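Here's a quick briefing for anyone opening this structure for the first time. Have a look at it, then read on.

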Amino acid sequence: MNAATRRTLATARRVLAQLRHDPRTVAMLLLVPCLLLVLLKYVYDGQPRTFDRLGPELLGVFPLLVMFLVTSVAMLRERTGGTLERLLTMPLGKPDLLLGYALAFGAVALVQAALASALTIGVLGLDVAGPTWMLFAVAVADGLLGMALGLLVSAFAATEFQAVQFLPAVLLPQLLLCGLFVPRAEMAPVLRWVSDVLPLSYAVDAMGRTTMQGGVGGRVLADLAVVAGSALLALALGAATLRRRTA
């Protein structure tokens, strides 16, 4: 094991230890998406077809929103508290730090996706045509995308309030244009072109195709590749723009 790997794993262990001592954050990460899915189920209690259409798409959206919020605030606290500045005086580099965060929150995303997927398919009775493992894989990828975007935008916030403000600025436009409310093919051409470059569009498409199509289609894998690539790009940009401390 080389030095960079050891530094990355040490960072991941530190972040997981911090989460272990913050039960409210853990509850928000793991339980809030599940509670929102239960609420959605009973909102459409008399319209099971509507839940079958929206449920899988929001199974990807809800964890993404929560991961974005928690990781953006967590990284900002590292900077405002001076922890990041002290860490970066050591051999730990910015890529090591962000990869450590990605590993830690990636582990959380696995648990989050497992709980939400099991609840939606088992308890809430979501009808899934494709393999359930693919639904789980897309849910994990969506959570990782939210984590990566949260780490990226944290570099541009000076306070926790500003970090929270990035959620409507970055994610709500994507939520409106991802095809959740209106099919993307029916949007005005300009809006459709914009939606084509937004990662949340592919996250929603992947969830929708997984539940509607049997087997694992090439379009689902292509959507999943775009989501994963967007997460990696966000991490790379985050490493390039991360500052040691706020101004």
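**How the helices pack**

The axes of H6 and H9 cross at roughly 165° and come within 9 Å of each other (axes are lines fitted to C-alpha atoms over the stretch in contact, with angles from 0 to 180 degrees between N-to-C directions; helices are DSSP runs of H or I, at least four residues, numbered from the N terminus). That makes H6 roughly antiparallel to H9, a label for angles over 145 degrees. This is a predicted model, where local features need pLDDT of at least 70, side-chain atom pairs count only at pLDDT 80 or more, and totals for chains, interfaces and linings use all residues. Residues are numbered from 1 along each chain as its sequence is written, and side-chain values use heavy atoms, leaving out hydrogens and water.

**H6 with H9**
- On the H6 side, the contact (heavy atoms within 4.5 Å) uses Met134, Leu135, Val138, Ala139, Asp142 and Leu145.
- H9 brings Pro199, Ala203, Ala206, Met207, Thr210 and Thr211.
- These residues split into 9 nonpolar, 2 polar and 1 charged.

**The core**
- The largest nonpolar core has 65 residues (buried Ala, Val, Leu, Ile, Met, Phe, Trp, Tyr and Cys joined through side-chain atoms within 4.5 Å; buried means under 20% relative accessible area with a 1.4 Å probe, protein chains only).
- H6 gives the largest share of this core, 13 residues.
- Met147, among the residues with the most contacts inside the core, touches Met67, Phe68, Thr71, Ala102, Phe105 and Leu235, leaving aside residues up to four places away in sequence.

Key:
Buried < 20%, exposed > 50% of the residue type's maximum accessible area, 1.4 Å probe, protein only. Helix = DSSP H or I, 4+ residues; strand = E, 2+ residues; numbered from the N terminus. Parallel < 35°, antiparallel > 145°, perpendicular 65-115°, else oblique. Nonpolar A, V, L, I, M, F, W, Y, C, P; charged D, E, K, R; others polar.
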